[in-house]
Every structure is written in structure tokens, then in C-alpha cells.
Amino acid sequence: MVGKILLRHFKLKINKAILKHTGTYLFFDIINKAIPFLFLPYLTHMLSVVDLGNLELFNTYVGLLTLLILFGLDGWCASMYNGLERNEFSRKLILGIKISAIISLIAFFILILLNQSLWLAIAPIYAFSMCIIQIRTLTFRLQLKTVTASIILFLNISLSVLLTIGAFTFNEKNLTNRLIALLLPALMLCLWSLRSLLKEFKSDATISKHEFSTFIRFTIPLLPNGLMNFVRFGADRFYVAHFFGVSSLALFGVSYQFAMIANIFMLSLNQAIMPFTMRLLNENKIRQFLKFTLSVVLFFTFVIVILSIATPYILNVFFDSRYISAQYMSRIYFFSYPLVFLSILLMNIAFIRGRTKLILLMTSISSLTHLTFLWCILNTNSALFNVPYALMISSIVSVILSILTFSRLTRDA
């Protein structure tokens, strides 16, 4: 009897701890992702259209390079932190950091050799800094030091905002000052994070060939899936910059940032409900899972409708008048995200059943659909405002594939 009471009390404490750390993470995550968007109206007033377009291009390069430089290291850390002996984890983590540093240096020299502007060539350095910060905050989260991890990210974002305002107030309002304000806090926190990681995960032993091969076999397959997802959510900006110019990218970037509100809310909501959806799938309660999924997607769609209605008013009040027409592109993105969210929730069953190759196949098909639609726009000389339809079309394909996969895997169970 006493044992049952203690066990019940222990489970209650675990549930409270999970709720506490998940709630803390979501709270800070929303704040950290909201600050850049709230700062965007200020940038539209301070920077020229060309500078804002180049800043959007820089951020796009950083997003792509972050995927390459991390090469799945973050996924490896999350999966192996509790599964490996401490020394082995430390050896492989340090190996991963060395590989990331090498990739970033190679990318830097490639951009220099391609005669890219210096402001674009520093994208790999900034991306590497953000990768190290990400690994440090991830390991803190795995140790349930959620507040510490969140404060590091908050410091990086808030310091860059304050430095930008200071530079624009006492110096010139240009792209260079904005990039310096982004780079300085990231470099400082990167150096601190690197020192902290090396101090905590130090190991004198050298890594064996077997450990090296198992590490690479785990991380490398994660890279294509990340790149395929980047095609769907990042290729549009490369496309606009190349075929419509950086001035058009500035307008497109504002609409894209509005769409990121929906993306942030979607990812946060998915993180919050994941324990429930995964438990229902693990217990094979398919009918309850479908009811729960439908309810969540309908709620998300309701929020999206409100956001779509509010967007024109927000643009009129807070943004420079040059960016008012961004609302038309944002609207298309908004109504693509419920489809994206539904496909993500349905694809969880493939994770539960260990069908990661199937996930990669579905992501690849959706990404190719996305690129094909962009190619069609190019060959028909279509307008800039049609670019967001690529995500809409690829999202419909994702939902269809997810429904077919879900039906097949539940039928085979």
C-alpha cells in the first residue's frame, strides 16, 4: 500500500516537472521568436528597400547554412544524451563541433571565391555561432535547465535589437550596422557556449573508427530531410531574390515574416500537444487520436482566420506604406499552414513505427512539387504575388500523402 502511494506521488512529481519545463520552454520560445517580428516594423522604417531585401537574403543564407553546419548534430544530441555513456557522448559531441567548424570555414572560403559581398560571406560565421549556441542550449534543456537555455537565446536576440537601435541612433541606418549588431552578440555567446561545452564534456580519449562511423551513419541521413524541408519553407526567398530582385525580396520578406507568426504558433502548439498525440498513437487509440487532431487543427485554423483579418490593420498602423501589399501574399501562406499542421500530426505515426525513410520520401515529393510550381511560375512570367501558392500546392500534396500513409500504417498494425 505504501509502495503504491509513493509510486503515485513519484509519477505526480514527474508530470509536474514535465509541465513546468514544457511551459517554461514554450513561454520563452514564443517571446524569443516574437521579438524579431515585433522589431520588423522598425527595420522597414529605418532601412532602405534594397538593404531590407539584402538582410532577408542574408537570413536565408544563414538558414540554409545552419542546416549544413549542424548536419544533424542537434538531432544526435537529443537522441543520444541519455543513451550513451558520458565519455562516449563527450567524444562524439566534440567530434561533431569540429566537423561543424570545418564546414563553416569551407563555406566561408567558397563564398569568398565566388566573389560574394563580404556581408554575405560572413553568413557561415554567424550560422556557426548560432549552431554552437543551439547545441549549448539544447544540452541545458536535456539537463532540465530550461530557464538557463531560454535566457541565453533571449540575451542573443535582445542584445542584437538594442545594438541595432543604438547603431541606427548614433550612426548610419544601413545594412552593415544591422549585421554588426547581429554578429557581435552571437560571437560572444558562441565563445562562452563553446568554452562551457568543452569544460563540461571534456574527454582525453581519442575517438575510434567504429565510433566515428556510427556517429556519421546517424547524423548524415538527418541532413537530406532538413534540406528538403528548407526547400519548402526557404527556397521561395532565393527564388524571389534571383528572379525578381532584392527590392521585391524586401516586400516578399515582410509577407513571409507575417506568415512566420503562424509557423511559430504551429510549432509551439505541436510541441505542447506532442506528449498526448504520441501516447495515443503508442496505445493504438486511432479514433481518439483523429478526434484530438481534428480539434487541434480546427482551433489552429480559427486562430489563423483572426490573424488574417488583423494583418491589413497591423500593416497600415505599424509598417511603412511601401509594404501594405504584403498582406495579399501573407494570406496565402496563412491558409497553407493548417494543411502543413495536419500533415505533421498525421506523419507522427511514421515516427512511432520507425518509418523514417518513408518520411524522407514524403518530404522529398512535397519539396519537388514546390520547386516544380516555382519553375512553372518562372516559365509563365507570373507575378510575385503567385509565389506563395507553391507552399499551398505542396501542402495539399503533403496532406494527401500523409492521409494515405496514415491509412496504410494503421491498417497494417
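Which residues does Thr-66 touch, not counting residues up to four places away in sequence?

View 1. Thr-66 touches Ala-127, Cys-131 and Gln-134, leaving aside residues up to four places away in sequence, where contact means heavy atoms within 4.5 Å. The model shown is predicted, so local features need pLDDT of at least 70 and side-chain atom pairs count only at pLDDT 80 or more, whereas totals for chains, interfaces and linings use all residues. Residues are numbered from 1 along each chain as its sequence is written, and side-chain values use heavy atoms, with hydrogens and water left out. Thr-66 lies in helix H2 (residues 49–70); helices are DSSP runs of H or I with at least four residues, numbered from the N terminus. With a relative accessible area of 17%, Thr-66 is buried (buried means under 20% relative accessible area, exposed over 50% and partly exposed in between, with a 1.4 Å probe and protein chains only).

**View 2. Cysteines without a disulfide.** The structure holds zero disulfides, a disulfide being a pair of cysteine sulfur atoms within 2.5 Å. The cysteine sulfur closest to that of Cys-190 belongs to Cys-131 and is 9.1 Å away, which is too far for a bond. Cys-190 counts as buried at 5% relative accessibility, and Cys-77 is also buried, with a relative accessible area of 0%.

**View 3. Helix H12 against helix H13.** The axes of H12 (residues 286–318) and H13 come within 10 Å and cross at roughly 170 degrees, the axes being lines fitted to C-alpha atoms over the stretch in contact and the angles running from 0 to 180 degrees between N-to-C directions. H12 is therefore roughly antiparallel to H13, a term for angles over 145 degrees. On the H12 side the contact is made by Ile-304, Leu-307, Ser-308, Thr-311, Pro-312 and Leu-315, and on the H13 side by Ala-326, Gln-327, Arg-331 and Phe-334.

View 4. The buried residues are Ala-326, Gln-327, Met-329, Ser-330, Ile-332, Tyr-333 and Phe-334.

View 5. Ile-377, placed in helix H15 (residues 356–379), is buried with a relative accessible area of 4%. Not counting residues up to four places away in sequence, Ile-377 touches Tyr-239, Ser-382, Ala-383, Asn-386 and Val-387. Between the C-alpha atoms of Ile-377 and Tyr-389, which are twelve residues apart along the chain, the separation is 9.8 Å.

Note on methods. Helix = DSSP H or I, 4+ residues; strand = E, 2+ residues; numbered from the N terminus. Parallel < 35°, antiparallel > 145°, perpendicular 65-115°, else oblique.
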